[in-house]
Amino acid sequence: MSRPFIFCHMLTSIDGKIMGRYMDTPECEKAGVLFDDISFGNRGKYNMQGWLSGRVTTDDNFTMYRKPKLDENAAPVPEGDFITETDKPMYYISIDPSGKLGWERNTLEYAGSTATVIEVLTAKASNAYKAFLRKLNISYIIAGEDTLDCGLALEKLHDIFGFTNLMLGGGGVLNWTFIQQGLCDEMSVVIAPVADGSPETPTLFEMMGRLGSNTPVGFTLKKAETTEDGSVWLQYAIKNSNGGYRE
């Protein structure tokens, strides 16, 4: 299978949270500057062409839990993928298996970048939702029937859009799914010198019920860097099922 190099890049608290009240602190704000500099400023030298996140992460940051404006009487759309643009400088790929995100346009702004949106759906996404995306000129690919086929999604992102380097940006369930399936090649974590102790906010990696596995995965430290404000940047290679590492 041909697929992009995937690096998971996340900002966490000391207690491993990727969301929560700690994000409103000065300590996290400074760590966030480092986080953006590594990825969007290319301090990490990843040369990423886009980043992908799950539906909840997308709703939390961009679509704000808006409901999509669907036309249930829309004419049937053609089968398969819908591709509009393949040559933009930056892309945002939303993993949205059932088709629930309420987009209002086909681009978003983040960290000084304008990113063109791509949706990753499964076959259970409705005709009305696909018609909704087409009306907004949002590309989508179909990867899986009832459940997401992550490998197929990456293969299509490579073959159709030419992606060779993509950032995986959460949430915890999507991060763990990619790692468990051997589809993530490197881990980059910025740890902010702050914690809030919440037992309810998501962590860096999370298993979703019986759909996931808690089989341990090994990491090898490649780099550790500290900053004057107390943030830490860690880079890890991720061990694959054969005990080796993808370069």
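**Entry 1: strand β1 and its partners**

I began with the pairing of β1 and found that four bridges join this strand to β7, residues 165–168, with the two running parallel. This is a predicted model, so I keep that in mind for every entry here.

How many residues of β1 are buried? I looked this up for residues 5–12, and eight of the eight are buried, so I wrote the strand down as mostly covered. I then sorted the side chains by direction: Phe5, Phe7, His9 and Leu11 point one way, while Ile6, Cys8, Met10 and Thr12 point the other way, and all are buried.

**Entry 2: Ser188**

I moved on to Ser188, which I located in strand β8, residues 186–191. Is Ser188 buried or exposed? With a relative accessible area of 0%, Ser188 is buried, because buried means under 20%.

I then listed what Ser188 touches, leaving out residues up to four places away in sequence. From β1 I found Cys8, His9 and Met10 among its contacts. Ile38, Tyr46, Trp233 and Leu234 are on the list too. I also checked the pairing across to β10, where Ser188 stands opposite Gln235.

**Entry 3: strand β10**

Which way do β8 and β10 run relative to each other? I found them antiparallel, joined by six bridges. On its other pairing, β10 meets β9, residues 219–226, in the antiparallel sense over seven bridges. Phe219 has Ile238 as its bridge partner in β10.

I looked into the hairpin of β9 and β10 as well: five residues lie between the strands, and Gly230 takes a positive phi near 100 degrees. For cover, I noted that β10, residues 232–238, is mostly covered, with five of its seven residues buried.

**Entry 4: Lys124**

I went to a loop next, the one between β5 (113–121) and α3 (127–135), where Lys124 lies. Lys124 comes out as partly exposed, because its relative accessible area of 44% falls between the 20% and 50% cut-offs. Leaving aside neighbours within four places in sequence, I found Lys124 in contact with Pro97, Ser98, Glu145 and Asp146.

**Entry 5: the whole chain**

I noted five helices and 10 strands in the protein chain. The radius of gyration is 18 Å, close to the 18 Å that the globule rule gives for 247 residues, so the chain is as compact as a globular protein of that length. The C-alpha atoms fill a box of roughly 55 × 40 × 35 Å along the principal axes.

Of the 247 residues, 47% count as buried. I also checked the contacts with a separation of 6 or more, and residues 24 or more positions apart account for 74% of them. The chain exposes about 12200 Å², of which carbon and sulfur atoms supply 49%. Last, I looked at charges: the mean positions of the 23 positive and 32 negative ones are 2 Å apart.

Terms used
Residues numbered from 1 in each chain as written. Predicted model: local features only at pLDDT ≥ 70, side-chain atom pairs only at ≥ 80, totals over all residues. Heavy atoms only, no water. Buried < 20%, exposed > 50% of the residue type's maximum accessible area, 1.4 Å probe, protein only. Contact = heavy atoms within 4.5 Å. Pairing = 2+ DSSP bridges. Rg over C-alpha atoms; globule rule 2.2 N^0.38 Å. Areas by Shrake-Rupley, 256 points an atom, 1.4 Å probe, with all protein chains shown as cover. Lys, Arg positive; Asp, Glu negative; His and termini not counted. Charge placed at Lys NZ, Arg CZ, Asp CG, Glu CD.
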